[in-house]
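Dear colleague,

Please find the structure below, with the sequence beside it.

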Amino acid sequence: MINLDIKDTLNFITQSEINSYRDKVKECNNSLYNKTGKGKEFLGWLDLPSRVTKDEFKKITECGNTMADASEIIVVIGIGGSYLGARAVIDGLSGSFANLKAAEKGKPLILYAGQNIGEDYHSDLLKILDDYDYSIIVISKSGTTTEPAIAFRLLKNQLEKKYAKEFVQKRIITITDRSKGALKKLSDAEGYETFVIPDDVGGRYSVLTPVGLLPIVAAGFDISKLVNGAKEMENLCREEQILDENPADLYAAVRNILYNKGKAIEMLAGYTPSMNYFIEWWKQLFGESEGKNGKGIFPAGVNFTTDLHSMGQLIQDGTRDIFETVISVEKVKTELSVPAEDSNLDELNFLAGKSLSEINKMAELGTRKAHVEGGVPNISISIPALDEYSIGCLIYFFEKACAVSGYLLGVNPFDQPGVEKYKKNMFELLGKPGY
Ligand code: PA5
């Protein structure tokens, strides 16, 4: 379960301002649960955790395990909502150097492609893959997105040179729309195993569908715990929960009040590098959902204490348009303390015997105090541990908060019309037929 603490925003906003949001938040919830608001055709994520069936779980788990058993490397191809959720969870659970030890543990190494068009990135990847037994999970809801389509064509081409046709087919799983798009057509023609992204779930809300669950299971993690965490939050964040007891609604209300007081940038901070891709997922969720019609809080991400030595000055002392949301992990997985040294030449004996997480915690508390005193309101979110259950809680918490926050802002949190503009220009420049 997560714990949301807003007390360090209360120098900047008042409890009565929060109370004044009760009716507005209620209205947003009515629109969500009665499916009457903007983007109402994309609300399938709202009860996804409690809706996923045992059979779906079983199919995803069996398929992911079979692929993992046959592969030294699995390449997840997708962009935006079609890969960030899986990467956030896999990186969050794996530990920073897990890839170096994956083979030893009998797990496949998980790599990503199709999230950029870097020529060197993809050439380097192809060279690496040449030496390993690998499989591909290709994810695209529309089935027409250029970046993953290019990566898939490159990797499929290489697989076809490496293995006989019947083995190539076994090494590719696609996840796409049930009926439309080029990827669906290709999958049917080639006979690839295919999972469906539900029509009513948009890309950035899709991590708890096969889009996230299949790569996560293939990476060796327990998707039932992940979904249970999300289910717990689904219950806690229901519409009938009053504002103060509904963390997602409260977070949405507080960030909107701060925004209306000129805090136009939200920095999501983690205190472990394992959270970096979770922050990337969050940035996409909120950026693509809220940034429209000339509105939206700019979602930025920082990794502390690393970024205290690069961004710390600006946060402490720059333009006062920032608020900070910090995710703390209460219990780390390992134990490591600073050793004592007789010579104490590095003058570090005052830390001898202290664990790194204790020191990290003091860095967090000291930073929060400094930033709040410097005019940066602080929202604190803590989870007991960086495990499947807690990450599941966080995912649902942020999805629900994002939907309510978008409605409070008056935008449709489920579309992304702005993303089409660059594509149109790019296709014109590349001479795509019809552009
Ligand atoms: O959230 C979204 O809808 C987007 O970020 C998409 O996930 C992203 O553009 C990829 O689209 P697709 O899955 O259609 O390839």
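Two residues are said to be in contact when they have heavy atoms within 4.5 Å of each other. Before using that term, please note that this is a predicted model, in which local features need pLDDT of at least 70 and side-chain atom pairs count only at pLDDT 80 or more, while totals for chains, interfaces and linings use all residues. Residues are numbered from 1 along each chain as its sequence is written, and side-chain values use heavy atoms, with hydrogens and water left out.

Let me begin with the inside of the protein. Leaving aside neighbours within four places in sequence, Phe 278 is in contact with Ala 88, Ile 327, Ile 391, Leu 394, Ile 395 and Phe 398. A nonpolar core is a set of buried Ala, Val, Leu, Ile, Met, Phe, Trp, Tyr and Cys residues joined through side-chain atoms within 4.5 Å, where buried means under 20% relative accessible area, exposed means over 50%, and partly exposed lies in between (1.4 Å probe, protein chains only). The largest such core has 93 residues, and those with the most contacts inside it are Trp 45, Phe 278, Trp 281 and Phe 398. Helix H17, residues 388-409, supplies the largest share of this core, 14 residues; helices (H or I, at least four residues) and strands (E, at least two) are DSSP runs numbered from the N terminus. There is also a second, separate core of 20 residues, which includes Leu 126, Tyr 134, Ile 136 and Phe 152.

Gly 212 is found in helix H11, residues 210-218, and counts as buried because its relative accessible area is 1%. Although Gly 212 and Tyr 83 are 129 residues apart in sequence, they are 7.3 Å apart in space, C-alpha to C-alpha. Tyr 259 has its place in helix H13, residues 247-260, and is buried at 18% relative accessibility. Again leaving aside neighbours within four places in sequence, Tyr 259 is in contact with Ala 264, Lys 295, Gly 296, Ile 297 and Leu 409.

Next come the cysteines. How many disulfides are there? Taking a disulfide as a pair of cysteine sulfur atoms within 2.5 Å, the count is zero. Cys 28 is in no disulfide, and the nearest cysteine sulfur, that of Cys 402, is 12 Å away. Cys 28 is buried at 6% relative accessibility, and Cys 63 is buried at 12%.

Last come the pockets. On a 1 Å grid over the protein atoms alone, a pocket is an open set of points where a 1.4 Å probe fits, with protein on both sides within 12 Å along at least five of seven lines, and lining residues have an atom within 4 Å of a point. Grid points are joined across faces, edges and corners, and a volume is the space filled by probe spheres set on the points. The largest pocket has a volume of about 1000 Å³. Of the 31 residues that line this pocket, Thr 272, Val 332, Lys 333, Thr 334 and Ser 357 are the closest to its centre. Helix H16 gives the most to this lining, with seven residues. The second largest pocket holds about 840 Å³ of space, and among its 32 lining residues the closest to the centre are Ser 142, Thr 145, Gln 416, Glu 420 and Lys 423.

With best wishes
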